[in-house]
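I opened the model to look up one annotated residue, its surroundings and the ligand shells. My notes follow in the order in which I checked things.

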Amino acid sequence: MSPPQVTGPGGPNAVPVAGDRRRHPAPAHLVFFHGPMDCGKSTLALQVDHNQSRQGRHGLLLTQGDRSAAPQISSRVGLVREAREFGSDTDLRLIVRERWAQGHRVDYLIVDEAQFLTGTQVEQLAELVDDSHVDVYAFGLTTDFRTRLFTGTQRLLELADEVQRVQVQVLCWCGLPALLNGRVVEGSLVREGATVVVADTAPSGAAEDGPVHYQVLCRRHHARGQLGPTPTGPGQLALG
Ligand SMILES: Nc1ncnc2c1ncn2[C@@H]1O[C@H](COP(=O)(O)OP(=O)(O)O)[C@@H](O)[C@H]1O
Ligand SMILES: Cc1cn([C@H]2C[C@H](O)[C@@H](COP(=O)(O)O)O2)c(=O)[nH]c1=O
C-alpha cells in the first residue's frame, strides 16, 4: 500500500501560483540538534519555537515520552509548552494533514525526544520538508545508555540538512565534558535493559520515582562504570 501523500495543491502550505515560485519555492530544512541528557535540548526547542512564532509563523510542537509524563515539552530551566504526543505508529504526515484540514497553516514542526522516532517517521519528516515546505527542527539524544545511537538519531544524522551538537556542556562528576548517558539502577550503572526507560537525571528521592535515573558521564567513567562521589549509591557497575 502506498503511503498517504501530503504533497500537491490544496494544503495551506501549497506554494502560491506566482511565476517561478511554484517551481522554485524557498527550500525548507530538516535540522537536528543532539546531545546528552540535560544539555538544554528542550530549552532550545522552546526557544526556536518562540523565535519562529514571533515571526508570525505557525508551528506544531510534537513529543513522546516527556519526563513530565504529560503532553508537553518541559525544560529544566522551567519553560513548559503544551505539545502533541505521538506514538511509534503515528504517521507524522497525517498530523500535518489534520491541521491543514482544519484550515491551519503549518510552517514548522518542533520535535522533541527525537531519538525515539522510528526510521520511517524520520523519512516522513523529510518528506514534509521536501514536498510540503514545512521546516522541521528535531531535538534528541545522541546515544542511549549503552553508548549506541538511537534509531531516530541515526536516521536523522543520515537525512538532516543540518546537524548541530548542542553547545552547552554538561559535566561529568570529574569535571570533564559528559557526552554519554549512564543508566543508574539502585545506585549502580547498568548496561542491560530496554532501550526506552523514561526517567530523569536526578533522583528526587521520592519513592514513586522508582529506582532508575540517569547520570551524564565522560567516556572513561562510563566505561569504568564509576559514578563518582554522588549520593546515589556505591558507584559500581552492576555485574551479571
Ligand atoms: N536553575 C537553573 N538555572 C539555570 N540553568 C538551569 C537551571 N536548571 C537547569 N538549567 C539548565 O538547563 C539545562 C537542562 O535543560 P533541558 O532543556 O531540560 O535539557 P535536555 O532537554 O537536554 O535534557 C541544564 O544543562 C542547565 O544548563
Ligand atoms: C539515555 C537514555 C535516556 N532515555 C530517556 C530518559 C529521558 O526520559 C529521555 C531523555 O530526556 P532528556 O530530555 O534528554 O533529558 O530519554 C531512554 O529512554 N533510554 C536511554 O538509553
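I listed the contacts of Y214 in this predicted model, leaving out residues up to four places away in sequence. Y214 touches M37, N181, G182, R183, V184, A199 and T201. I then looked up where Y214 sits, and found it in strand 11, which covers residues 212-217.

Is Y214 buried or exposed? I found 20 C-beta neighbours inside 10 Å. The cut-off for buried is 20 or more, so Y214 counts as buried. I also checked the record: UniProt lists Y214 for "binding site", in an unreviewed entry.

Next I looked up the domains. The assignment gives domain 1 as 19-165 and domain 2 as 169-240. Their contact takes 13 residues from domain 1 and 16 residues from domain 2. On the domain 1 side, I noted 6 nonpolar, 3 polar and 4 charged residues.

Then I turned to the ligands. Around ligand 1 I found M37, D38, C39, G40, K41, S42, T43, S75, R76, V77, V168 and V170. By class, that shell has 5 nonpolar, 4 polar and 3 charged residues.

Which residues come nearest to ligand 2? Of the 17 around it, they are M37, D144, F145, N181 and V198. I sorted the shell of ligand 2 into 8 nonpolar, 4 polar and 5 charged residues. Helix 1 (41-54) and strand 9 (180-185) each supply at least two residues of this shell. Domain 1 and domain 2 each give at least three residues to the shell around ligand 2.

Technical notes:
Residues numbered from 1 in each chain as written. Chains lettered and ligands numbered in written order. Predicted model: local features only at pLDDT ≥ 70, side-chain atom pairs only at ≥ 80, totals over all residues. UniProt positions renumbered as here; feature names shortened; annotations may be inferred. Helix = DSSP H or I, 4+ residues; strand = E, 2+ residues; numbered from the N terminus. Buried ≥ 20, exposed ≤ 12 C-beta atoms within 10 Å, placed from the backbone. Contact = placed C-beta atoms within 7 Å. Domains from an automatic or database assignment. Nonpolar A, V, L, I, M, F, W, Y, C, P; charged D, E, K, R; others polar. Near = placed C-beta within 6 Å.
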